[in-house]
Structures are given as C-alpha cells and as structure tokens.
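Here is a friendly walk through one model, element by element. Have the viewer open as you read.

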Amino acid sequence: MMNPSLFAVLHLPEFPLQAVLRHEPESAAKPIALVDRGHSRPRVFLMTPAARAEGVETGQTPVQAMARCRSVSIRHRSPKQESAAIEAVLQVAFGFSPHLELTGPGTVTLDLRGLVGHR
C-alpha cells in the first residue's frame with residue numbers, strides 16, 4: 001500500500017505588512033498603510049483593519065490615505081524586514097519537517113511524509 005502524501009502549509013496573510021509590524025505588535029491595532037517605494041508612484045497596497053475602517057483603500061496615494069484618515073501612519077515595504085521574517089518562519093517550519101519549500105511570500109509548504117507518528 002502506498003503512503004499518501006501529507007502536506008502542511010504555513011501562510012501569513014498580508015505578509016509584507018506583518019513583516020514591517022512584527023516587532024511592534026501594538027501597532028497592529030493602529031491605522032497603518034503600507035506603500036512600496038519601488039514604484040514610481042507609490043500606492044497603498046496593504047493596511048491594518050483600523051486604517052480600512054477609517055476609509056483607507058488599496059490604490060490610494062499616501063496623500064489620499066492621509067486625507068481619509070488623519071491619524072494613518074504611512075509605512076514603506078521593507079524587503080530587509082520581509083527577509084528576516086521569512087527566515088524566522090523557516091526556522092519554525094524546520095522544527096516540524098526538514099522537507100519544506102518557500103512557495104510564496106509568507107507561505108511555506110511542508111512535506112510531512114516519514115515523520116514519527118505518520119502511517
């Protein structure tokens with residue numbers, strides 16, 4: 001009889017925003033909008049629920065976001081922070097299985113075949 005494949009996925013939604021806020025968990029409740037400076041015309045592409053509730057929307061310029069929500073904090077996407085965050089996620093994932101793959105931004109797929117307790 002063949003062993004069925006068994007996989008697990010660790011997925012962090014809105015990973016670029018989580019990476020920027022990971023060392024300041026209290027900020028997750030504040031209105032924060034994330035823009036990517038890598039674009040010639042930066043636009044909001046992620047925001048906290050508090051920013052969304054105040055009218056901040058994907059695609060707005062930072063000025064438009066601040067017009068909707070005076071207390072919004074504009075943050076910039078940080079590839080350096082994303083890299084550090086994914087390294088932390090990979091360390092956690094290696095604790096479950098040595099067979100894993102980074103399958104997307106903030107997403108790691110683990111192959112659980114052969115682990116103790118799996119039949």
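A residue is called buried under 20% relative accessible area, exposed over 50%, and partly exposed in between, using a 1.4 Å probe and protein chains only. By that scale glutamate 14 is partly exposed, with a relative accessible area of 35%. Glutamate 14 sits in the loop between S1 and H1, and its phi is near 55°, a positive value in a residue other than glycine.

A word on the ground rules. This is a predicted model, where local features need pLDDT of at least 70, side-chain atom pairs count only at pLDDT 80 or more, and totals for chains, interfaces and linings use all residues. Residues are numbered from 1 along each chain as its sequence is written, and side-chain values use heavy atoms, with hydrogens and water left out. Helices (H or I, at least four residues) and strands (E, at least two) are DSSP runs, numbered from the N terminus.

**The sheet**

Three strands form an open sheet in the order S1-S6-S5, with antiparallel pairing. S1 and S5 are the edge strands, each pairing on one side only. Two strands pair if DSSP finds at least two bridges between them. Neighbouring strands are turned by 25° against each other on average, direction ignored; axes here are lines fitted to C-alpha atoms, for helices over the stretch in contact, and angles run from 0 to 180 degrees between N-to-C directions. The two pairings look like this:

| Strand pair | Sense | Bridges |
|---|---|---|
| S1 and S6 | antiparallel | five bridges |
| S5 and S6 | antiparallel | four bridges |

Phenylalanine 7 has aspartate 111 in S6 as its bridge partner, while glycine 104 stands opposite threonine 107 in S6. The hairpin of S5 and S6 has two residues between the strands, and there glycine 106 takes a positive phi near 75°.

**Helix H4**

Which residues of H4 are buried? They are Glu82, Ala85, Ile86, Val89, Leu90 and Ala93. Seen down the axis of H4, these fall within an arc of 145° (taken from the directions from the helix axis to the C-beta atoms), so they line one face of the helix. An α-helix has 3.6 residues a turn, so residues three or four places apart point the same way. The face of H4 turned away from the buried side carries the exposed residues Lys80 and Gln91.

The buried residues of H4 pack against S1 (7–11), H1, S5 (100–104) and S6 (107–111), where contact means heavy atoms within 4.5 Å. As for length, H4 (residues 79–94) has 16 residues and should span 22 Å at 1.5 Å a residue, which agrees with its end C-alpha atoms being 22 Å apart. The expected span is 1.5 Å times one less than the number of residues.

**Two buried residues**

Serine 97 lies in the loop between H4 and S5 and counts as buried at 0% relative accessibility. A polar atom of its side chain is 3.0 Å from the backbone nitrogen of histidine 99, and a polar atom of the serine 97 side chain is 2.7 Å from the backbone oxygen of aspartate 111. Not counting residues up to four places away in sequence, serine 97 touches Leu110, Asp111, Leu112 and Leu115.

Leucine 21, in helix H1 (residues 15–21), counts as buried at 9% relative accessibility. Beyond residues up to four places away in sequence, leucine 21 touches Ser27, Ala28, Ile32, Thr48 and Arg75.

Conventions: Polar contact = N/O pair within 3.5 Å; in protein donor to acceptor, adjacent residues only side chain to side chain.
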